[in-house]
Amino acid sequence: MQTRLTKALNIAHPILCAPMAFASGGALAAATTQAGGLGFIGGGYGDADWLDEQFEIAGDTDVGCGFITWSLANNPALLKQVLDKSPRAIFLSFGNPAPFAAQIHAANVPLICQVQTLRDAKHAISIGAQYIVAQGTEAGGHGEVRTTFTLVPEVADYIANNAPKTILIAAGGIADGRGLAATLMLGADGVLIGSRLLATTQALVHPNLLQALFNATGDDALRSKIVDIVRGRYWPDRYTINLIQNAFSDEWHDRSDELRTNTDAQNSWNNALMTGDANIANIFVGQGAGLINATDSTANVITEIMADASQHLSRWA
Ligand SMILES: Cc1cc2nc3c(=O)[nH]c(=O)nc-3n(C[C@H](O)[C@H](O)[C@H](O)COP(=O)(O)O)c2cc1C
């Protein structure tokens, strides 16, 4: 399957693995690239030693790296550290990418910006992002309220009329070949997948939390602020995080002000994340949860999505 994305990045399949903070390490990123897509190390909030280790694990395999933009602004030296490793691309999401664009362009590294609104897509294009990821609210992890189903075609129209060389990638709720085929029809050139690739042998995630994902349906996904409060991560107001509900979120989702001052509750969540107590710690996945039922290798997941998408596309051709 050839698209503008596969041609631009010289990859076999139009699938990128999301730079999931703490979960997408060098192993998952490299496995995605080796399976024919392109993988990203989840630089997240930025830890210089962790980034070095994960690039070391990826070895000679081409991978990109993602940063949470507002957090990178607190430690901009991380960008040079990663650019010095010749990443395949830099992926910025959640915040203003403008202050970093010139440095990324000067290094001749493609800039991918993930956006949640048409307004931010226009801004990212205006500062020279060659790739836009339109992320719908179905997505795991942080995001906003626009749906994949309307955001992707709206950004596709804007690109077609104003910046036709820009490549468009869809994200949010894409967990199988139907999702890939559907978003190509919405005007995307490929997809970015997070939640489905979290359930792989290469992702960094506690098996008990994965079991909570397998037990869940899309109905169990909840956009909330509570896990940012318990982790002491002060995200801009506009973003919430998609997680699978459990006893902890049932108790605290509507009481976030009280949670801010309850250190016992905060500590119990953070301990539970380490021990894998899925009644307390939440797994951060989105509405695609109901389509994800087992762990598999990254290579098998990507092969299956491609086969499934091709079958759907030829059936309806
Ligand atoms: C566990 C998890 C962690 C994530 N962390 C990040 C992150 O650090 N930076 C980022 O840009 N996006 C992050 N995301 C969002 C992804 O980039 C992507 O938009 C999302 O996974 C796509 O939707 P899907 O999960 O339905 O595939 C994360 C997603 C998940 C599931």
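Predicted model: local features only at pLDDT ≥ 70, side-chain atom pairs only at ≥ 80, totals over all residues.
**View 1. Where domain 1 meets domain 2.** Here, nine residues of domain 1 are in contact with eight residues of domain 2. On the domain 1 side, strand E7 (residues 141-143) provides the largest share, with three residues.

**View 2. The largest nonpolar core.** This core holds 107 residues, and the members that touch the most others are Ile132, Ala134, Ile169, Ala171, Val191 and Leu213. Because domain 1 (4-204 + 296-315) and domain 2 (207-282) both give residues to this core, it lies between them. Take a moment with Ile132: leaving aside neighbours within four places in sequence, Ile132 is in contact with Cys113, Val115, Ala121, Ala124, Ile125, Val155, Thr166, Leu168 and Ile169.

**View 3. The shell around the ligand.** The ligand is surrounded by 30 residues, with Ala21, Ser93, Gly140, Gly141 and Gly194 the closest. Strand E3 (64-68), strand E9 (190-193) and helix H10 (195-198) are the elements that each give two or more residues to this shell. Which of the elements gives the largest share of the shell? That is H10, with three residues. By residue type, the shell divides into 14 nonpolar, 14 polar and two charged residues.

Key:
Residues numbered from 1 in each chain as written. Core = buried A, V, L, I, M, F, W, Y, C linked by C-beta atoms within 7 Å. Buried ≥ 20, exposed ≤ 12 C-beta atoms within 10 Å, placed from the backbone. Domains from an automatic or database assignment. Contact = placed C-beta atoms within 7 Å. Near = placed C-beta within 6 Å. Helix = DSSP H or I, 4+ residues; strand = E, 2+ residues; numbered from the N terminus. Nonpolar A, V, L, I, M, F, W, Y, C, P; charged D, E, K, R; others polar.
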